[in-house]
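Okay, thanks for making time, everyone.

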Amino acid sequence: MKVLRIFPSNINPRFIAEAVEALTDGELIAYPTDTFYAIGCDALNNQAIERLCRLKGIDPRKEALSVVCADISQASEYARIDNRAFRILKDCLPGPFTFILSASTTLPKVFKGRKEVGIRIPDSEVARAIARELGHPVLSTTAISSDTDVAITDPDEVMTSYDRHVSLMLDAGETPGIGTTVVSLLNPDEPEIVREGAGIF
């Protein structure tokens, strides 16, 4: 695993470009969010998605998949966002939320049969810069410690747990360590909190 030390207050664009190059090549990367470290891949690359799902033991036919987007405009290309949902997203994002929305048909075939997608726009300049430079979302899942089976906040633990599986990590130091608040907007007139987390809804 190649490790690049990145500073959220002064992001090195070359490091972002290197992470995006790895994603474009179908590799997995580790990067910080506003909650935990995430393992991500190009959300439009079916082979990379399947590789990430195998690594994390995710069955995409049964479990919800989440994508990290640069902004609401990018998210709207991959999820159906009506006016009511847009207002909610605008009020809450960027921030520690995962919003479950109806998936659009632009997502790759691994999403077929899934009627919803989790949308993340983290309050993390690094995470959003990756999606912005890539030009579309990053399929992401929380990095989990191989020793303790808990979500990872420490970049050293990411290296310990994923060194053989991830080609590159952007190390931004410790992350906050509180999970996202998950909100279903499948009916935006009646938002449903699925899981309480860092985001106050």
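Glu27 sits in the loop between helix H1 and strand S2, while Arg51 is in helix H2, so the pair ties together parts that are 24 residues apart in sequence. Glu27 is partly exposed too, at 27%. Keep in mind that this is a predicted model.

Now, how many salt bridges does the structure hold? Five. Another one joins Arg120 and Asp34, at 2.8 Å from N to O. Here Arg120 belongs to strand S6 and Asp34 to the loop between S2 and strand S3, so parts 86 residues apart in sequence get tied together. Arg120 is buried, with 6% relative accessibility, and Asp34 is buried at 12%.

Okay, on to the inside. The largest nonpolar core has 63 residues, and Tyr31, Phe99, Ile119, Ile130 and Leu170 have the most contacts within it. Tyr31 touches, among others, Ala127, Ile130 and Leu170.

Ala127 and Ile130 are also among the buried residues of H5. Seven of the ten residues in that helix are buried, so H5 is largely enclosed by the rest of the structure.

Phe97 and Phe99 have ring centres 5.3 Å apart and planes at 15°, so they're stacked. Both are buried, and together with Phe201 they make one aromatic cluster.

Conventions:
Residues are numbered from 1 along each chain as its sequence is written. This is a predicted model: local features need pLDDT of at least 70, side-chain atom pairs count only at pLDDT 80 or more; totals for chains, interfaces and linings use all residues. Side-chain values use heavy atoms; hydrogens and water are left out. Buried means under 20% relative accessible area, exposed over 50%, partly exposed in between (1.4 Å probe, protein chains only). Helices (H or I, at least four residues) and strands (E, at least two) are DSSP runs, numbered from the N terminus. Rings of Phe, Tyr and Trp (its six-membered ring) pair if their centres lie within 6.5 Å; planes under 30 degrees apart count as stacked, over 60 as edge-to-face and the rest as tilted. A nonpolar core is a set of buried Ala, Val, Leu, Ile, Met, Phe, Trp, Tyr and Cys residues joined through side-chain atoms within 4.5 Å. Contact means heavy atoms within 4.5 Å. A salt bridge is a side-chain nitrogen of Lys or Arg within 4 Å of a carboxyl oxygen of Asp or Glu. Lists of a residue's contacts leave out its neighbours within four places in sequence.
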